[in-house]
Amino acid sequence: MILVTGATGNVGRQVVHQLVAAGHPVRALTRNPGTARLSQAAQVVKGDLETIDQCLEGVESVFLMWPFHTAEAAPAVVSALARHARRVVLLSSGAVRDQPDSSVGRSHRELEQRVEQSGLAWTVLWPSTFAANALWWAGQVRAGDVVRGAFGALPMAMLHESDIAAVAVRALTSGGHEGARYELTGPQVLTQAEQVRILGRALGRPLRWQELTREEERRRLLADDGFPDAFVDELLDGYARMLDGPPPALTSTVEEVTGRPPRTFAQWAADHAADFR
């Protein structure tokens, strides 16, 4: 049995789908099973990381998605995993490497250390920028042909959630991945302005980027009820550091682990076009 936490998130949903498609027994952890819309072949259970101990009976492997900005809950969660499971695949953060002094970098590094010391067989995934972050623009795209934001020239190695999930599934279901840290990237480096243009092509519309100052973007994000206020400055600080640093390096890890090249951002945009309409 494989337990998938964050089972209704962008990556977790894909992990569940791919495990089920490959014929593996899956237990999907979610706070709201009634609205999960997951495969009937998966065992969908109600819970979260704070109650995870109740969901681990008979579980051998765990896909662990960390939804918190601190590692305060890490000792209890990792101890629960170690009492029941044999293997864990942790979706960590590239900030551990790229922005170690940020709150995200610090919390995920502490979580990694807990996992490493747990006695579990472990694999850590360091993803580049999630392509799904472009969903933040969905409201603007539905309202018109202009996407407004700061740091339009910021280069990112956009990574499809299906490719993150594919690497996780290999690590969960086959040997040779214990003790590995996989740096995952998409196949291209694209600025935010370029992403908007590619998204426009997928939608058949001439979308364009309009640059805002940092302060204008800060006010916009704080006024967005769907964006957590506590993460606004963290995000903008991170973007500023990324823009001042070297462009992200691409890796071949997705293809090496899964046997197929990573999907392009254009593929992601085509897959998610309905989310912007």
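1. A contact, as used throughout this note, means heavy atoms within 4.5 Å. With that in hand, residues 24 or more positions apart account for 74% of the contacts in the protein chain with a separation of 6 or more.

2. A word on what you are looking at: this is a predicted model, in which local features need pLDDT of at least 70 and side-chain atom pairs count only at pLDDT 80 or more, while totals for chains, interfaces and linings use all residues. Residues are numbered from 1 along each chain as its sequence is written, and side-chain values use heavy atoms, with hydrogens and water left out.

3. Now the overall build. The protein chain comes to 11 helices and 11 strands (DSSP runs numbered from the N terminus, helices being H or I of at least four residues and strands E of at least two). Its C-alpha trace spans about 50 × 40 × 35 Å along the principal axes. The radius of gyration is 19 Å, which agrees with the value near 19 Å that a compact globule of 277 residues would have; the radius is taken over C-alpha atoms, and the globule rule is 2.2 Å times the number of residues to the power 0.38. Of the 277 residues, 50% count as buried (buried is under 20% relative accessible area, exposed over 50%, partly exposed in between, with a 1.4 Å probe and protein chains only).

4. Thr-123 deserves a look. This residue is found in strand S6 (residues 121–127) and is buried, with a relative accessible area of 2%. A polar atom of its side chain lies 2.8 Å from the backbone oxygen of His-177 (a polar contact is a pair of N or O atoms within 3.5 Å; within protein, one must be able to donate a hydrogen and the other to accept it, and residues adjacent in sequence count only if both atoms are side-chain atoms). Leaving aside residues up to four places away in sequence, Thr-123 touches Val-88, Val-89, Leu-90, Ala-171, His-177, Glu-178, Ala-180 and Tyr-182.

5. Ser-93 is another one to click on. You will find Ser-93 in the loop between strand S5 (87–91) and helix H3 (95–98), and at 13% relative accessibility this loop residue counts as buried. A polar atom of the Ser-93 side chain lies 3.0 Å from the backbone nitrogen of Ala-95. Not counting residues up to four places away in sequence, Ser-93 touches Val-104, His-108, Leu-125, Trp-126 and Pro-127.

6. Most residues other than glycine have a negative phi. Arg-37, however, has a positive phi of about 55° although it is not a glycine, and Phe-151 has a positive phi of about 65°, again without being a glycine. Arg-37 lies in the loop between strand S2 (26–30) and strand S3 (43–46) and is exposed, with a relative accessible area of 69%. Phe-151 sits in the loop between strand S7 (146–149) and strand S8 (155–156), but counts as buried at 13% relative accessibility.

7. Which residues line the largest cavity? The lining is made up of Thr-129, Asn-133, Ala-134, Trp-136, Trp-137, Met-156, Met-158, Gln-192, Gln-195 and Tyr-239. A search of the whole structure finds 1 cavity of 30 Å³ or more, and about 50 Å³ of space lies in the largest cavity. By class, its lining divides into 6 nonpolar, 4 polar and no charged residues (Ala, Val, Leu, Ile, Met, Phe, Trp, Tyr, Cys and Pro count as nonpolar, Asp, Glu, Lys and Arg as charged, and the others, Gly among them, as polar). On a 1 Å grid over the protein atoms alone, a cavity is a set of points where a 1.4 Å probe fits but cannot get out, whereas a pocket is an open set with protein on both sides within 12 Å along at least five of seven lines; lining residues have an atom within 4 Å of a point. Grid points are joined across faces, edges and corners, and a volume is the space filled by probe spheres set on the points.

8. The second largest pocket has a volume of about 170 Å³. Its lining consists of Thr-8, Gly-9, Asn-10, Arg-13, Gln-14, Glu-161 and His-272, with no nonpolar, 5 polar and 2 charged residues. Helix H1 (residues 10–21) gives the largest share of that lining, 3 residues.

9. Finally, two exposed loop positions. Gly-204, in the loop between helix H7 (192–203) and strand S11 (208–211), is exposed at 67% relative accessibility. Ala-249, in the loop between helix H9 (232–244) and helix H10 (253–258), is exposed with a relative accessible area of 62%.
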